[in-house]
Amino acid sequence: MSDGVTRRQFLKAAAAGTAGVVALGASAAVGSRYEEYLPKGGSKVNVIVVILDSLRRDHVGAYGNTWIKTPNLDALARQSLLFTRPYPESIPTIPARRAIHTGVRTWPFRDWHPAPDDGFKPYGWAPVPEDQAVLAEVLSAEGINTNIVTDNLHMYRASYDFQRGFDTFDYIRGQERDQYRPMMPVSDARIDKVTVSGNVPDMREKMRQYLANTAYRKAEDDWFAPRVFTSAGEYLEQIKEAQPFFLVVDSFDPHEPWDPPRKYVDLYGDPDYAGREPTVPNYSDASWITEGELERMRALYAGEITMTDAWLGRFLNRMEDLRLMENTLLVLLSDHGACLGEHDDTGKPYWALYPELTDTVFMMRHPEGKGAGNKSDYYASTHDVAPTILSMLGIESPQQMEGADLSPIFEGKEPDQRREHFTLGYNNYVWARDEKYGMVCTNTGAEAKLFDVDEDPGMHKNLAAERPETVKRMFADYVIGDAGGPLPNY
Amino acid sequence: MLRRLTSWAGALACVAGGVLWALSPIGVHLSEIKFQTPNLFWKLFPSAPLLLLVGLVGLRLLVPSRSGVTQKIGFWAAFLGLILVVAGSVGLYWLGIDDTYIMSAPAYRAFRLGLLLAAAGSILLAVGAGQDRTLPPWGALPFAVGALAGLISFAVDLDNLGAALWILFGVGWAWLGLSLVAAAIASLGAKTDTNPGV
């Protein structure tokens, strides 16, 4: 073969090059008319995520409660992998939802831009940042039908964007302060019946809106948990035709107002009670409420839980009837708890980072029964939900997702992300724990409290003065370490 | 004679398989319009990688002794990849394996892995064949470009761009087949020139 190029070779190469360019251009032109070219497939598992707002861990039978009836949660727990020490990476409702939907920690609340139309502004309470992908978007891009049913009013305020990625969404109106019905017809006398004398005016106004919103109620199925789970059941009937699907059922109950039908309250309170009902707690210390009223409030909350459990049960039965249990991954968790006077606090004051507020419920039911009845003490959290689901569906997680993939625990293995400790934040307060200690302080490290959670799991005996070096170590290594630097103060 | 027959069969299989492959986005589209599902098309799809397999084997039989390490690795990767694509699509659309193993989805995973292997192997095969001069540069280069396009489109779903790159993968294989046909015709001509009396 000669080193030079003959005229014939040159012409042949030129012709081939031209033909190649033409083929490339023609392919691009033809291809650009079509969007689908890869076959759809992969895991055909449906995913249902049930979120129960404000459900305390110690109020569920599966976690050891003996006086509140939660038969459906307990039965589900027996079929599930149960996390014994789950915590939300941040509190309250919206920061926790952001973590669930994005797989990104909302805490330490950097670059926080509160929505202008929202009066409640704890740190991190804001829409999902636009540069963060949400789970539903990722699943939708994979051809999975995505749906959400919720009565969580905070998710559908005008400035919020929690419907991102969902093919269909059912926003059930009227919970709490949802500006759903004009409040004018609600008299003070009616508000008196569902508040107590110590309730602050803001809570009375909350109830004025709530009473206006719920004036239509006639039967139990008009309450919010029944409406959410009924709607979710109806969704199942339809979306079973479009499997695999993703369904989020986000129930605001058992969040206050705690006003379940009387039959539920009477399970836990005096059936002859005729006084004013403490349906809403002040978010403060408990000095505003009498011991008798507090007892009644506990009964109301317990009744709200049992009602929610009963309607969750109907939804689970619907799943069973539609034979969806056998090909659906079911994740159930709560976002935080509620204080009922345990540390002389009520509601969700920022500083009250004790078990009644921080300890949540988290269980995952595998469609093939893996891990059923097993327990894990891994510090599972809200931001683990998205990466776990994506992993189980064989879908690559977006790089932003920093939560742990919990799915190895189904196989009896440990997640890749080791957690010897855990941290969470609520407004300008932080909480950290490891196997031995639990610590609470402000974002600057002030007001520190330390507890031996091994011997004092209820966190009652403050050891901070005795062990300042432990407080210092936990704040520096855990809080500042996990936050990647000093915490913001807005 | 057998070798010549093999090379011709291989070349024609490459052309046919490549063209069928290139037509698949259109096939998906038509299947969705006519039957409201792409699955009917995907049931027919295994014929394309099967033809490419025949073409690949033909190419291998044609130039067994002259191929270097790169070409050998490329051949076996592409071979395994195409086998996986065929097995995966048959398992997925004919046998319904993934309907049973809903979590692990073995057929779909085999299909997708096979695509990647087939594309990566094709690139190595093209580079190796170019180096070993078992294919003319004007045959190997477009084949390599098509394989690279395929690798990109198989790795990530790129919608319209991906469909264009998918088509280019098929065009690359068809081009390879045409270059083999051209080479076979040229060799016939050369033999006629040197043995005019035969």
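Helices (H or I, at least four residues) and strands (E, at least two) are DSSP runs, numbered from the N terminus. In this predicted model, A:Pro244 falls in the loop between α7 (224-239) and β6 (245-251) of chain A, and a cis peptide bond with omega of about 5° joins A:Gln243 to A:Pro244. Because the model is predicted, local features need pLDDT of at least 70 and side-chain atom pairs count only at pLDDT 80 or more, whereas totals for chains, interfaces and linings use all residues. Residues are numbered from 1 along each chain as its sequence is written, while chains are lettered from A and ligands numbered from 1 in the order in which they are written.

**Backbone geometry in loops**

- A cis peptide bond also joins A:Asp253 and A:Pro254, with omega of about 10°, and A:Pro254 is placed in the loop between β6 and α8 (262-265) of chain A.
- A:Glu176, although not a glycine, has a positive phi of about 45°, and its place is in the loop between β5 (168-171) and α5 (188-193) of chain A.
- A residue is called buried if 20 or more other C-beta atoms lie within 10 Å of its own, exposed if 12 or fewer, and partly exposed in between, with C-beta atoms placed from the backbone; A:Glu176 has 20 such atoms within 10 Å and is therefore buried.
- A:Asn427, likewise a residue other than glycine, has a positive phi near 55° and is found in the loop between β13 (422-426) and β14 of chain A.
- With 22 other C-beta atoms within 10 Å, A:Asn427 is buried.

**Sheet of eight strands in chain A**

- Two strands are taken to pair if DSSP finds at least two bridges between them, and eight strands of chain A form an open sheet of mixed pairing in the order β5-β4-β6-β1-β8-β11-β2-β12.
- The edges of this sheet are β5 and β12 (375-376) of chain A, each of which pairs on one side only.
- Within the sheet order, strand β1 (residues 46-52) of chain A and strand β8 (residues 328-334) of chain A are parallel and are joined by seven bridges, with A:Ile51 standing opposite A:Leu333 in β8(A).

- Strand β14 (residues 429-433) of chain A runs antiparallel to β15(A), to which five bridges join it, and the bridge partner of A:Arg433 in β15(A) is A:Gly438.
- Three residues lie between β14(A) and β15(A), which form a hairpin.
- On pairing with strand β16 (residues 449-452) of chain A, β15(A) is again antiparallel, here over four bridges, and A:Val440 stands opposite A:Lys449 in β16(A).
- The hairpin of β15(A) and β16(A) has six residues between the strands, and in it A:Gly445 takes a positive phi near 95°.
- Strand β15 (residues 437-442) of chain A is largely enclosed by the rest of the structure, because five of its six residues are buried.

**Domains of chain A**

- An automatic or database domain assignment is the origin of the domain bounds, and for chain A it gives domain 1 (46-420) and domain 2 (428-483).
- The centres of domain 1 of chain A and domain 2 of chain A, taken over C-alpha atoms, are separated by 27 Å.
- Contact requires that the C-beta atoms of two residues, placed from the backbone, lie within 7 Å, and nine residues of domain 1 of chain A are in contact with nine residues of domain 2 of chain A.
- With Ala, Val, Leu, Ile, Met, Phe, Trp, Tyr, Cys and Pro counted as nonpolar, Asp, Glu, Lys and Arg as charged, and the others, Gly among them, as polar, the side of domain 1 of chain A that touches domain 2 of chain A divides into seven nonpolar residues, one polar and one charged.

**Nonpolar cores**

- A nonpolar core is a set of buried Ala, Val, Leu, Ile, Met, Phe, Trp, Tyr and Cys residues joined through C-beta atoms within 7 Å; of the 122 residues in the largest one, A:Ala232, A:Leu247, A:Val249, A:Met363 and A:Ile389 touch the most other members.
- Helix α9 (residues 291-321) of chain A supplies the largest share of this core, twelve residues.
- Because domain 1 (46-420) and domain 2 (428-483) of chain A both give residues to this core, it lies between them.
- A second, separate core of 70 residues has among its members B:Phe45, B:Leu125, B:Ala129 and B:Leu176.

**Interface of chains A and B**

- Between the chains, 26 residues of chain A are in contact with 28 residues of chain B.
- The side of chain A that touches chain B is made up of twelve nonpolar, nine polar and five charged residues.
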